[in-house]
Amino acid sequence: MLHRLTANRLPGLLLTLLSIVLVILLSGCGGLLDRSSGDTEGGRVAEPGTTAGEQVAEDTSTSVQATTTTAPPDTTEPPTTAAPTTVPSRDLVAGEPREYVTVPTESPVVALTFDAAYDPAPLFQILATLKSTGVPATFFLTGEFVEDFPEATRSIIDAGHPIGSHSYSHPDFTELDSSAIRDQLRRTEELLASLGAADPRPLFRPPFGARNARVLQELANQGYVSVYWTIDTLDWKPERTPSQIRQTVLDKLQPGAIVLMHVGSRQTAEILSRLITDLKAEGYSFVALSEIKR
Ligand SMILES: [Zn+2]
């Protein structure tokens, strides 16, 4: 928050930002936001086929990329388990739009993330696998999921995994005005608090991956950063096989990769243990996103 940005650091920060913008301009703005698929599990409002990539306004690309590449990270304690890793974190400036597409690190770490909007049944196997393997993960819950499945929500809380917001009812945020966005965020915060979960801020995953400059700014105003993904497993698709999900992750693996999966995916529940074994064999360890700070 602002108290961490003291006046005498401001010139340095501005210089850093300037140089980053320059680097981005010089190196071209390609890849970070490229993707061919979205978060479309949708729950009550699913519209499979929504393509997140088409919904990102062009004018967000520079600021979004800058936020994924700026500023040397701090080193902080790893979350929740004994995995010998550190997650770089940064002091976020209040009101500054920010998005993570990867965990900003060169180390071989991967962040497993699970979105939940409906069908908690596979969740319990997923949690059991995470526990038996000692792997932390990050969960993004809709308010409706919290309302409908309080026991499932409590089991995530009790397991100690950080929980971010996935909105209240999984709408496309680019189609909401500011007050509707705030309402979506607030209702989910209150529902999580009612079950004793920690404040989800700053972690927010946009439904369908849909966001633009205005949405990112409104999220920032409300204390959130957008957590996008590096690897989309498409595990919500009924026809995806467990081995396809596993292979997608292994093929696209990179340091700091954020992997998008869903608590409602039986295929993911089935393959998760094998996948974790594979990732460990590749030299990767696991991080939760709790170290991404406001
Ligand atoms: Zn979703």
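This section describes the overall make-up of a predicted model and then several of its parts. Local features rest on pLDDT of at least 70 and side-chain atom pairs on pLDDT 80 or more, while totals for chains, interfaces and linings use all residues. Residues are numbered from 1 along each chain as its sequence is written.

The protein has nine helices and nine strands. These are DSSP runs, numbered from the N terminus: helices are H or I runs of at least four residues, and strands are E runs of at least two. Of the 294 residues, 45% are buried. A residue is buried if 20 or more other C-beta atoms lie within 10 Å of its own, exposed if 12 or fewer do, and partly exposed in between, with C-beta atoms placed from the backbone. Among contacts with a separation of 6 or more, 79% join residues 24 or more positions apart. Two residues are in contact if their C-beta atoms, placed from the backbone, lie within 7 Å.

Strand β8 spans residues 257-262 and is mostly covered, with six of its six residues buried. Ala257, Val259 and Met261 point one way from the strand. Ile258, Leu260 and His262 point the other way. β8 pairs with two strands described here. Pairing requires at least two DSSP bridges between the strands. With β2 (residues 109-116), β8 pairs in the parallel sense over six bridges. With β7 (residues 231-232), β8 also pairs in the parallel sense, over two bridges. Isoleucine 231 stands opposite valine 259 in β8. From β7 the chain crosses through helix α8 (residues 242-252) to β8, in a right-handed β-α-β crossover. Right-handed here means that, with the strands pointing away from the viewer, the path from the first strand over the helix to the second runs clockwise.

Alanine 111 lies in strand β2. It stands opposite isoleucine 258 in β8. Alanine 111 counts as buried because it has 24 C-beta neighbours inside 10 Å. Beyond residues up to four places away in sequence, alanine 111 touches Val103, Thr138, Ile258, Val259, Val287, Ala288 and Leu289. Alanine 137 is 26 residues from alanine 111 in sequence, yet their C-alpha atoms are 6.5 Å apart.

Helices α3 (residues 123-133) and α9 (residues 266-281) have axes that come within 8 Å and cross at roughly 15°. Axes are lines fitted to C-alpha atoms, for helices over the stretch in contact, and angles run from 0 to 180 degrees between N-to-C directions. The two helices are therefore roughly parallel to each other, a term for angles under 35 degrees. α3 passes α9 in a right-handed crossing. The contact involves Gln125, Ile126, Thr129 and Thr133 of α3. From α9 it involves Thr268, Ala269, Leu272, Ser273 and Ile276. A crossing is right-handed if the near helix is turned clockwise from the far one by less than a right angle, and left-handed if anticlockwise.

In helix α7 (residues 213-221), Val215, Leu216, Glu218, Leu219 and Ala220 are buried. Their cover includes β1 (99-100), α6, β5 and β6 (225-227). After α7 comes glycine 223, with a positive phi near 90°.

Leucine 195 sits in the loop between α6 (178-194) and β5 (203-204). With 15 C-beta neighbours inside 10 Å, leucine 195 counts as partly exposed. Leaving aside neighbours within four places in sequence, leucine 195 is in contact with Val146, Pro150, Thr153, Arg154 and Ile157. The C-alpha atoms of leucine 195 and threonine 153 are 8.0 Å apart, across 42 residues of chain.

Key:
Parallel < 35°, antiparallel > 145°, perpendicular 65-115°, else oblique.
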